[in-house]
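Me: I have a model open and some labels to check. Take me through what each one rests on.

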Amino acid sequence: MKFKPELSVNQKIELPFKSSVSLYLKREDLIHPIISGNKYRKLKYNIAFAEKHKHDTLLTFGGAFSNHIAATAEAGRVFGFKTIGVIRGEELRDKILDNPTLRFAQDCGMTFKFISREHFRLKSTQSIIEKLKREFGDFYQIPEGGTNDLAVKGCKEILNQADFDFNYICSSVGTGGTLAGLINVSKPEQQVLGFSALKGDFLKEDISKFAAQSNWKLVTDYHFGGYAKINADLVAFINQFKAEQQIALDPVYTGKLLFGIFDLIKNGYFEDNAKILAIHTGGLQGVEGMNKRLKKKQQQLIL
């Protein structure tokens, strides 16, 4: 399927409560069904670099429900690369067909290397990379989540001239590359807010490595317990948002982002008549896997 960045328009969100604040959602999720949102932006220049330097294999890292793993596998299929996914958790080796993300990536042709969580924490060390090269040969390495200088370059293209009228730019944060790109292209008078999907504020250091301005803040109050952790309130919000706005959100990133923005608006965080632009970073492939987990626990599913 052709990429359609022209579909990434700013859609006004009708707030279900009274407020002078206006909220718009940039529909990056419409660019492509799998390589959507920030994944398209992060992979764009990495793919171009790999092609220019005659690489035929992409290797990257991720967890069992990683949007990045799915997007890299699909990119490999679309652009003709072999793909290797180094997956966190040896116990997943025999559960590929039970996991929608891994099953999809495998169908795209991705080869998996499952490693322990302990070794996964050392994934960027020279010894691990050399071991992977001995096993798989030469490859172009893309970091977990896709964040590197080329990814930040791509994420700078999320915003266009019309977006500089907004007072606030808001995005979910996983590895920090998307937020850094937004920070670097934003106007100094704009405030960039990153809503962390992970527990803790350690991402500040990662974002600072790539951010060229100081007009940003990491919001850490809406992680719902940590990465891929959810509760009934979040599921209910995502379902209500879909019913009222006809826009699907994912439970790992964009659901938490919009929940947080709504809560901050209701609690007077933003000044009167503030204009907010939130970035829909895609990631909807993860809904199926999350629903599978919820079904096992006999909990409410995401529409």
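Me: Start after α3. What is the phi of Gly109?

Reply: Gly109 follows α3, and its phi is positive, near 105°. This is a predicted model: local features need pLDDT of at least 70, side-chain atom pairs count only at pLDDT 80 or more, and totals for chains, interfaces and linings use all residues. Residues are numbered from 1 along each chain as its sequence is written, and side-chain values use heavy atoms, with hydrogens and water left out.

Me: What makes a stretch a helix here?

Reply: A DSSP run of H or I, at least four residues long; strands are E runs of at least two, and both are numbered from the N terminus. Helix α3 covers residues 100-107.

Me: At the start of α3, what does Asn99 reach?

Reply: A side-chain oxygen of Asn99 comes to within 3.0 Å of the backbone nitrogen of Thr101.

Me: Which residues of α3 are called buried?

Reply: Pro100, Thr101, Leu102 and Ala105. Buried means under 20% relative accessible area, with exposed over 50% and partly exposed in between (1.4 Å probe, protein chains only). Their cover includes α2, β4 (82-88), β5 (111-115) and α11 (286-296).

Me: Why are α2 and α3 called roughly parallel?

Reply: Helix α2 (residues 67-79) packs on α3 at about 15°, with the axes 8 Å apart. Angles under 35 degrees count as roughly parallel, over 145 as roughly antiparallel, 65 to 115 as roughly perpendicular and the rest as oblique. Therefore α2 and α3 are roughly parallel. Their crossing is left-handed.

Me: Which residues make that contact of α2 with α3?

Reply: From α2, Ile69, Ala70, Ala73 and Glu74; from α3, Thr101, Phe104 and Ala105. Contact means heavy atoms within 4.5 Å. By class, five are nonpolar, one is polar and one is charged.

Me: Why is α1 called oblique to α2?

Reply: Helix α1 (residues 37-52) and α2 pack at about 45°, their axes 11 Å apart. That angle makes α1 oblique to α2. The crossing of α1 and α2 is right-handed.

Me: Which residues of α1 and α2 meet?

Reply: Lys39, Leu43, Ile47 and Glu51 of α1 meet Asn67, His68, Ala71, Thr72, Ala75 and Phe79 of α2. The contact has five nonpolar, three polar and two charged residues.

Me: How many residues of α7 are buried?

Reply: Seven of the nine in α7 (residues 177-185), a helix that is mostly covered. The buried ones are Gly177, Thr178, Leu179, Ala180, Gly181, Leu182 and Ile183.

Key
Axes are lines fitted to C-alpha atoms, for helices over the stretch in contact, and angles run from 0 to 180 degrees between N-to-C directions. A crossing is left-handed if the near helix is turned anticlockwise from the far one by less than a right angle, and right-handed if clockwise. Ala, Val, Leu, Ile, Met, Phe, Trp, Tyr, Cys and Pro count as nonpolar, Asp, Glu, Lys and Arg as charged, and the others, Gly among them, as polar. A polar contact is a pair of N or O atoms within 3.5 Å; within protein, one must be able to donate a hydrogen and the other to accept it, and residues adjacent in sequence count only if both atoms are side-chain atoms.
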